[in-house]
Amino acid sequence: MNTRLDAIEGRLSVKLDAIDRRFEAVDQRFEDMITIMNTRFDSLSKEVGQVREMLDIDRRLTRLESKQSQVSQ
């Protein structure tokens, strides 16, 4: 009976190890995806910042042109 329990225990241990490896692989994939998403978010954030700067410059230029136009008249 002990031999049979040992065999079952051995098979169960092998299967649990395989499951652990799969979970580790899934965990790694999630970590990789999070890293990719963070990198893309940072890049997008920088682009949004640049667009905001350009819009601010455009607004300031429009105001200056409007003032210049009023002075010229």
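The protein has one helix and zero strands (DSSP runs, H or I of at least four residues for helices and E of at least two for strands, numbered from the N terminus). This is a predicted model in which local features need pLDDT of at least 70 and side-chain atom pairs pLDDT 80 or more, while totals for chains, interfaces and linings use all residues. Residues are numbered from 1 along each chain as its sequence is written, and side-chain values use heavy atoms, without hydrogens and water.

Q: Which residue does aspartate 56 meet in a salt bridge?
A: A salt bridge is a side-chain nitrogen of Lys or Arg within 4 Å of a carboxyl oxygen of Asp or Glu, and the structure holds one. The N to O distance here is 3.5 Å. Both residues lie in helix α1 (residues 2–72), four residues apart, about one turn of the helix. The partner of aspartate 56 is arginine 60.

Q: Is phenylalanine 23 buried or exposed?
A: Buried means under 20% relative accessible area, exposed over 50% and partly exposed in between, with a 1.4 Å probe and protein chains only. Phenylalanine 23 is placed in helix α1. With a relative accessible area of 53%, phenylalanine 23 is exposed.
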